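This report describes a single protein chain, from its sheet to its cores, salt bridges and surface. Please read it alongside the sequence and the coordinates.

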Amino acid sequence: MNGKIVMSVFLGAALIFGGALYYFQVYAYYQPMEKVSSISVGDTEIAVGFFQGIDSDTSPNKLRACFEVDPEAFEGQALAENPEPLTPPSWFDCFDAEAMSADIEAGRAKVYLAEDETPESAVGYEILRFVAVYPDGRAYLWRHYREAE
């Protein structure tokens, strides 16, 4: 009888801890971004519409945004090397990193280096902000903290 009580308390604590861990990984640190009317890409301000975004102060990798742009506004901008869209939390459903990766590889979307946000004192890593643009005007923004190449 005592073993059942101890095991019930243990399992209850494990479920509570697991639920809290899931919540903190998927929901707690993300905040919706204020709607913006333009983004910076290189030295150019590009107008955006229908903006949805999330970000967090806890990691540079948590920035994700979906919006619409005029694809012609990106003419003359530098294409990004080795862009890797990062998977967002499942509840931020406008950003599909897997489909975007396939589209980038197939040439159905172009990715531009919006900004290199790497601090000058950085050694061995870089922080880059990317914008993927489709010919129909759909666009996606993310930031990637990764080891420098």
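The sections below go through a predicted model.

## Sheet

An open sheet is formed by 6 strands, in the order E1-E4-E5-E8-E7-E6, with antiparallel pairing. Its edges are strand E1 (31-32) and strand E6 (110-116), each of which pairs on one side only.

Between E7 and E8 the antiparallel pairing runs over 9 bridges. Within this region Arg129 stands opposite Arg143 in E8.

## Nonpolar cores

The largest nonpolar core contains 18 residues, and those with the most contacts inside it are Phe95, Met100, Ile104, Val111, Phe130, Tyr140 and Trp142. At least two residues of this core come from each of helix H2 (97-106), strand E7 (125-133) and strand E8 (138-147). Another core, of 16 residues, lies apart from it and includes Phe51, Leu63, Tyr112 and Ala114.

Beyond its neighbours within four places in sequence, Val111 is in contact with Leu79, Ala80, Pro83, Ile104, Phe130, Val131, Ala132 and Trp142.

## Salt bridges

The model has 8 salt bridges. One of them joins Arg143 and Asp55, with the closest N and O atoms 3.8 Å apart. Arg143 lies in strand E8 and Asp55 in strand E4 (residues 49-55), so this pair ties together parts that are 88 residues apart in sequence. Both Arg143 and Asp55 are buried.

Glu117 forms a salt bridge with Arg129, and here the closest N and O atoms are 2.7 Å apart. Because Glu117 is in the loop between E6 and E7 while Arg129 is in strand E7, the pair links parts 12 residues apart in sequence. Glu117 is partly exposed at 26% relative accessibility, whereas Arg129 is buried, with a relative accessible area of 9%. Through shared partners, salt bridges join Asp55, Glu115, Glu117, Arg129 and Arg143 into one network.

A further salt bridge is formed by Asp103 and Arg108, whose closest N and O atoms are 2.8 Å apart. Asp103 counts as buried, at 15% relative accessibility; Arg108 is partly exposed, with a relative accessible area of 46%.

## Surface patch

Tyr22, Tyr23, Phe24, Tyr27, Tyr29 and Trp91 make up a nonpolar patch on the surface, and together they have about 620 Å² of accessible area. Of these residues, Tyr22 is found in helix H1 (residues 2-28). Tyr22 is partly exposed, its relative accessible area being 46%.

Key:
Residues are numbered from 1 along each chain as its sequence is written. This is a predicted model: local features need pLDDT of at least 70, side-chain atom pairs count only at pLDDT 80 or more; totals for chains, interfaces and linings use all residues. Side-chain values use heavy atoms; hydrogens and water are left out. A nonpolar core is a set of buried Ala, Val, Leu, Ile, Met, Phe, Trp, Tyr and Cys residues joined through side-chain atoms within 4.5 Å. Buried means under 20% relative accessible area, exposed over 50%, partly exposed in between (1.4 Å probe, protein chains only). Helices (H or I, at least four residues) and strands (E, at least two) are DSSP runs, numbered from the N terminus. Contact means heavy atoms within 4.5 Å. Two strands pair if DSSP finds at least two bridges between them. Patches are made of residues with over 30% relative accessible area and no salt bridge: like charges are joined within 9 Å, nonpolar side chains (Val, Leu, Ile, Met, Phe, Trp, Tyr) within 5 Å. Accessible areas come from the Shrake-Rupley method with a 1.4 Å probe; for residues, only the protein chains shown count as cover. A salt bridge is a side-chain nitrogen of Lys or Arg within 4 Å of a carboxyl oxygen of Asp or Glu.
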